[in-house]
Amino acid sequence: MKFDVSTWKPFRFGALIDEIYKAKAYAKVELTVCLSKGEGYIPFVSRTEANNGVDCYVLAEEVQTIEPGNAIVIGDTTATVSYQGSSFVTGDHIIVIRAQWLNKYVAMFIISLLQRERFRYSYGRAYLKDSIEKTRLLLPVKHDENGIVITDKEAGFSAEGYLPDWEWMEAYIKSLHYKPLTTAVKKRNTIPFLTDNWKEFYLHRIMDAGMGNGIDAILTTGDNPKYNYVTRESNGNGVAGFVDAIEGEEPFPAGALSLALGGSLGACFIQKKPFYTAQNVAVLQEKEPLSIYTKLFLAALIRNECKIKYQAFGRELNAHFRKDFILKLPVLHNGKDAVIDKDYKYSDEGYVPDWQWMEYYIKSLPYSDRI
């Protein structure tokens, strides 16, 4: 189905829903708990991001308030969003949303949009009831057979009378069937990964390493979005939202790498579109043209180094990535001898990173042809 957001209209989320309330909270330690669903057990929904928000399963007969299914559930301090199709109970700080238009397909569509807005409420800003209701979403709207937008102010969805096209949203989600991912690259073709002759390089010698924009999420808007907004998250390539241009702020170019200095410490991604960054996000830019495969190789090594050597409130990454952050890399050879750069551009020893080998290695991996 065609996905053209230029015809979509803005709606205040609170005007679209029938009920929004804080759910009755139960303490998991006071209930009989099972990690998998069994007879007499129902989902216990918490603020976890894993497993669609289901933390475990609890014995239904031990609770008095059971929430009916077909609801959107939001953790009001974590901005985690999920759809619960069957009956459930909840832990603390859970908001429940209900609406006549709600079903699992429309919920998936709406949740994908809410998740793009969650960056406005993360990192200390609670995703409270008022904030949820004030959230603005761009949605497809109903048109007549001539392509004219249908309006009905009495419906109460918007001041202009726009009507969300729930049927289109449901149909779109149903159209997203997919085939199993395949690759023409065979595992046996993978290049051997031998690191004995690799050499050490400072990150700031091979890439331009600097801080990002440091833009607070609350200062961003989404009326006419133009740039990705990259945070310290490890999901979605670090992209938490799509925001308007900000006066006086220059976006970073497509192809640069983002590096989380906190939050999901060490999360490193190639950004395929121009972007702004949230606070505590670094940006790595190539000093010479590098292929996406070479940059993927570097990003993987950077993430691995961060897991091993850096930690929040201990050995802080932001104090080292522009100074003494070291990567071991394959180096360029001429026969058996390492090529030495007399300008010592990359290292004091004159070693030269073998960018081409890095690219070949990534291309030799299964599914690299899907990049």
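Predicted model: local features only at pLDDT ≥ 70, side-chain atom pairs only at ≥ 80, totals over all residues.
Let me start with the whole chain. The protein has 371 residues, and 45% of them count as buried. There are six helices and 21 strands. The C-alpha trace spans about 75 × 55 × 40 Å along its principal axes. If we take contacts between residues at least 6 apart in sequence, 67% of them join residues at least 24 apart.

The largest pocket has a volume of about 840 Å³. Strand 1 (9-12), helix 1 (104-117), helix 2 (129-134), strand 10 (136-139) and strand 14 (239-243) are the elements that give two or more residues to its lining. Which of these gives the largest share of the lining? Helix 1 does, with four residues. In total 27 residues line the pocket, and those that lie nearest its centre are Glu 117, Leu 138, Gly 222, Pro 225 and Phe 242. By the definition I opened with, the lining divides into 11 nonpolar, eight polar and eight charged residues.

Ile 20 sits in strand 2, residues 19-22. Its relative accessibility is 13%, so Ile 20 counts as buried, the cut-off being under 20%. Not counting residues up to four places away in sequence, Ile 20 touches Ile 95, Val 96, Ile 97, Lys 129, Ile 132 and Glu 133. Ile 72 is 52 residues from Ile 20 in sequence, and the two C-alpha atoms are 9.5 Å apart.

Compare that pair with one from further along. Ile 215 and Lys 187 are 28 residues apart in sequence and 43 Å apart in space, again C-alpha to C-alpha. Ile 215 belongs to the loop between strand 12 (207-211) and strand 13 (227-230). Is Ile 215 buried or exposed? It is buried, because its relative accessible area is 6%. Beyond its neighbours within four places in sequence, Ile 215 is in contact with Thr 220, Tyr 229, Ile 246, Glu 249, Tyr 276, Thr 277, Ala 278 and Gln 279.

Two residues with side-chain polar contacts come next. Ser 258 lies in strand 15, residues 257-260. With a relative accessible area of 2%, Ser 258 is buried. What does the side chain of Ser 258 make a polar contact with? The partner is the side chain of Gln 271, at 2.9 Å.

Setting aside neighbours within four places, Arg 205 is in contact with Lys 287 and with Tyr 344, Lys 345, Tyr 346, Ser 347 and Asp 348.

On to helix 5, residues 292-309. Its 18 residues, at 1.5 Å a residue, should span 26 Å, and the end C-alpha atoms are 26 Å apart, so the two values agree. The buried residues in helix 5 are Tyr 293, Thr 294, Lys 295, Phe 297, Leu 298, Ala 299, Leu 301, Ile 302, Glu 305 and Cys 306. For reading such a list, recall that an α-helix has 3.6 residues a turn, so residues three or four places apart point the same way.

Last, two backbone points. Asn 51 is not a glycine, yet has a positive phi of about 55°. Asn 51 lies in the loop between strand 4 (41-45) and strand 5 (54-59). Its relative accessible area is 54%, which means that Asn 51 is exposed. Asn 70 also has a positive phi, near 65°. Asn 70 is in the loop between strand 5 and strand 6 (71-75). At 26% relative accessibility, Asn 70 counts as partly exposed.

Key
Residues numbered from 1 in each chain as written. Heavy atoms only, no water. Buried < 20%, exposed > 50% of the residue type's maximum accessible area, 1.4 Å probe, protein only. Polar contact = N/O pair within 3.5 Å; in protein donor to acceptor, adjacent residues only side chain to side chain. Expected span 1.5 Å × (residues − 1). Contact = heavy atoms within 4.5 Å. 1 Å grid on protein atoms, 1.4 Å probe; cavity = no way out; pocket = protein on both sides within 12 Å on 5 of 7 lines; lining within 4 Å. Points joined across faces, edges and corners; volume = space filled by probe spheres on them. Nonpolar A, V, L, I, M, F, W, Y, C, P; charged D, E, K, R; others polar.
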